[in-house]
Amino acid sequence: MHALKITLEIVVVILSLLLTMLILMHKGKGGGLSDMFGGGITQNAGTSGVAEKNLNRITVVVALIWVTLIIALDFMSKFNVG
């Protein structure tokens with residue numbers, strides 16, 4: 001079981017990096033930090049509606065898997081499994 005815990009921890013790190021990249025790929029909605037980095041200038045040059053919806057879906061699925069794995073690791077630590 002110890003190998004399982006290490007494997008899950010590695011998967012969480014990889015998903016964390018992937019989730020960060022997915023979030024940064026989203027188009028800025030105007031205002032805030034997105035304008036500071038040029039998001040306000042290139043609003044019309046963003047992705048299409050279908051691509052944005054797919055990016056949203058992928059981001060939500062990766063986030064749900066990430067949260068599930070973190071909860072599983074917490075239970076494993078709490079009940080001394082692995």
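Modeller: A nonpolar patch joins Val, Leu, Ile, Met, Phe, Trp or Tyr side chains within 5 Å, each residue having over 30% relative accessible area and no salt bridge. Keep that in mind, and remember that this model is predicted.

Biologist: Which residues form a nonpolar patch on the surface here?

Modeller: Val67, Ile71, Phe75, Phe79 and Val81 do. Together they have about 450 Å² of accessible area.

Biologist: Take Val81. Where is Val81 found, and is it buried, partly exposed or exposed?

Modeller: Val81 is in the segment after α3. Its relative accessibility is 32%, so Val81 counts as partly exposed.

Biologist: Let me step back to the fold. How many helices and strands does the chain have?

Modeller: Three helices and zero strands. Read from the N terminus, the order is α-α-α.

Biologist: What share of the residues is buried?

Modeller: The cut-off for buried is under 20% relative accessible area. Of the 82 residues in the chain, 16% are buried. The accessible surface comes to about 6100 Å², and carbon and sulfur atoms hold 73% of that surface.

Biologist: Which residues make up the largest nonpolar core?

Modeller: There are 10 residues in it: Leu8, Val12, Leu15, Leu19, Leu22, Leu55, Val62, Leu69, Leu73 and Met76. Two helices, α1 (2-25) and α3 (49-78), each supply at least two residues of this core.

Biologist: What does Leu19 touch beyond residues up to four places away in sequence?

Modeller: Thr59, Val62, Ala63 and Trp66. Look at the Ala63 pairing. Leu19 and Ala63 are 44 residues apart along the chain, yet their C-alpha atoms are separated by 6.7 Å.

Biologist: And Leu22, leaving aside its neighbours within four places in sequence?

Modeller: Leu22 is in contact with Leu55, Ile58, Thr59 and Val62.

Biologist: How much of the chain's contact set is between residues 24 or more positions apart?

Modeller: Such pairs account for 85% of the contacts with a separation of 6 or more.

Biologist: Where does UniProt place the feature "transmembrane region"?

Modeller: The record, an unreviewed entry, gives residues 6-25 and 58-76. Treat that as annotation, which may be inferred rather than shown by experiment.

Biologist: What does the model show over those two ranges?

Modeller: Residues 6-25 are 100% helix and 0% strand, with end C-alpha atoms 29 Å apart. Residues 58-76 are also 100% helix and 0% strand.

Note on methods. Residues numbered from 1 in each chain as written. Predicted model: local features only at pLDDT ≥ 70, side-chain atom pairs only at ≥ 80, totals over all residues. Heavy atoms only, no water. Core = buried A, V, L, I, M, F, W, Y, C linked by side-chain atoms within 4.5 Å. Buried < 20%, exposed > 50% of the residue type's maximum accessible area, 1.4 Å probe, protein only. Helix = DSSP H or I, 4+ residues; strand = E, 2+ residues; numbered from the N terminus. Contact = heavy atoms within 4.5 Å. Patch = residues over 30% accessible without salt bridge, like charges linked within 9 Å, V, L, I, M, F, W, Y side chains within 5 Å. Areas by Shrake-Rupley, 256 points an atom, 1.4 Å probe, with all protein chains shown as cover. Salt bridge = Lys/Arg side-chain N within 4 Å of Asp/Glu carboxyl O.
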